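Please keep the structure in view while reading.

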Amino acid sequence: MSLLVVGLSHRTAPVGVLERAALTGDAPTRLLHDAAATATVAEAALLNTCNRIELYADVDKFHAGVAELSLLLAHHSGVDLEELTPHLYVHYEDRAVHHLFSVACGLDSMVVGEGQILGQLRDALAKAQDEHTAGRGLNELFQQALRVGKRAHSETGIDKAGQSLVTFGLEQVAAGAGEIAGKRALVVGAGSMSSLAAATLVRSGVTDLLVANRTPARAERLVEILGPGVARTLDLAKVPQALADVDLVISCTGAAGVVIRAEDVAAAVAARRSEQPLALLDLAMPRDVDHAVHELPGALLVDLESLSHAHAASPGAGDVDAVTRIVADEVSAFGAAQRAARIAPTVVALRSMASDVVAAELGRLDSRLPDLDERSRAEITQTVRRVVDKLLHAPTVRVKQLAAEPGGASYADALRELFDLDPAAVHAVSGTPVGGRPQPSGGSAG
């Protein structure tokens, strides 16, 4: 597997570019299929979150893969390639694995150590499986990334900085508009982020919670989950009027345009009697709340752009260092296992060829000595097989060890050349047709 990652995130692109590049509707599915259909790509997966868009692909050509995936990102995001390119990053093979493991551990998140990324990675893998663009390679890679992320959270204190953008965002709101407890709140949206926000508000002690969503049934389900008497639904069309009656608004929808307009916020501020500003936490990408709200007196807007500039209360340096070491160790182990796995078909093909040679020679012996008794024949057979096994044992064990090191693929090539192994036999063991690549499957990740 030759892993290539092409993407952009809050670390490389300003929020304005991320906002315009956001993939909505069926764009993620179309991008995934187009990526998997390119000539250089065998498997593809897409990690699409509010602050990153990353294509993971198993490619057979590095430069062609980068060019094709970059072009697809530009095409499906609607951002011109020339404008998008300076914000793209590219990782290949071990560096790509290192990047994914770092993402899984929360080291690359806007809020270092947040745990929500693990669910997003799990969703990305499930989507690639459902769309039949992920095969064995990406399945194994993403499953290992999930295990590494869980290990980092269980063995270190990396998640002390906060479980998600919701908690970090609420910290910023509390700093500018007072404690969350006792506030009246409105959550716009009923997806995973909005559900997390609603649950966090309830735990934080909001006294009145409204939930509005484009699909009322989803809002009703969320209210039921929160428990009787805790929250109630609100018609989405009534959100502008409800702004004057709440202290805090959290919005995270999948809408392509602005959901909360600046003029509605201005009217709500004018009608409010509280001395505290009307706080709005916008966690959507593209943004739900009009950017002009930043300029309104009496309103406090915390969005992804302001969060990216905020100084988060990061975990201790020791925890970050510990997770960094975990990632390095796991990348090394994963790379060694992958390289060792590549030589396994060659070793199996070599032993199969040796077994065929033994069988042919024993058959020849039978034709020359037809009167050989069964006991002697069995002893000769066992002796010949022992000799072959002993001759092959040391080189096959050693070549597996050498193959686990960087550049180890050359040892498999040498073994094939030295023993004149039939390429078809090697590919038959690996399940790959000669001159071809294994096809993606939608099988379970296990």
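Which helix gives the most to the lining of the largest cavity? In this predicted model, the answer is helix 6, residues 116–130, which gives three residues to that lining.

**Largest cavity**
- Two cavities of 30 Å³ or more are found when the whole structure is searched.
- The largest cavity has a volume of about 110 Å³.
- Its lining is made up of 14 residues, and those closest to the centre are Cys 50, Asn 51, Glu 114, Gln 120 and Leu 165.
- Sorted by class, the lining of the largest cavity holds six nonpolar, six polar and two charged residues.

**Second largest cavity**
- The second largest cavity holds about 50 Å³ of space.
- Val 15, Glu 19, Asp 282, Ala 284, Met 285, Arg 287, Asp 303, Leu 304 and Glu 305 line the second largest cavity.
- At least two residues of this lining come from helix 1 (15–21), and at least two come from helix 13 (304–309).
- The lining of the second largest cavity has four nonpolar and five charged residues, with no polar ones.

**Asp 303**
- Asp 303, one of the residues that line the second largest cavity, belongs to strand 10, which covers residues 299–303.
- The relative accessibility of Asp 303 is 2%, under the 20% cut-off, and therefore Asp 303 counts as buried.
- A polar contact of 2.9 Å joins the side chain of Asp 303 to the side chain of His 294.
- Leaving aside residues up to four places away in sequence, Asp 303 touches Asp 282, Arg 287, His 291 and His 294.

**Helix 5**
- Helix 5 spans residues 94–105, a run of 12 residues.
- From first C-alpha to last, helix 5 reaches 17 Å, close to the 16 Å expected at 1.5 Å a residue.
- Helix 5 is largely enclosed by the rest of the structure, because nine of its 12 residues are buried.
- The buried residues of helix 5 are Ala 96, Val 97, His 99, Leu 100, Phe 101, Ser 102, Val 103, Ala 104 and Cys 105.

Terms used:
Residues are numbered from 1 along each chain as its sequence is written. This is a predicted model: local features need pLDDT of at least 70, side-chain atom pairs count only at pLDDT 80 or more; totals for chains, interfaces and linings use all residues. Side-chain values use heavy atoms; hydrogens and water are left out. On a 1 Å grid over the protein atoms alone, a cavity is a set of points where a 1.4 Å probe fits but cannot get out, and a pocket is an open set with protein on both sides within 12 Å along at least five of seven lines; lining residues have an atom within 4 Å of a point. Grid points are joined across faces, edges and corners, and a volume is the space filled by probe spheres set on the points. Helices (H or I, at least four residues) and strands (E, at least two) are DSSP runs, numbered from the N terminus. Ala, Val, Leu, Ile, Met, Phe, Trp, Tyr, Cys and Pro count as nonpolar, Asp, Glu, Lys and Arg as charged, and the others, Gly among them, as polar. Buried means under 20% relative accessible area, exposed over 50%, partly exposed in between (1.4 Å probe, protein chains only). A polar contact is a pair of N or O atoms within 3.5 Å; within protein, one must be able to donate a hydrogen and the other to accept it, and residues adjacent in sequence count only if both atoms are side-chain atoms. Contact means heavy atoms within 4.5 Å. The expected span of a helix is 1.5 Å times one less than its number of residues.
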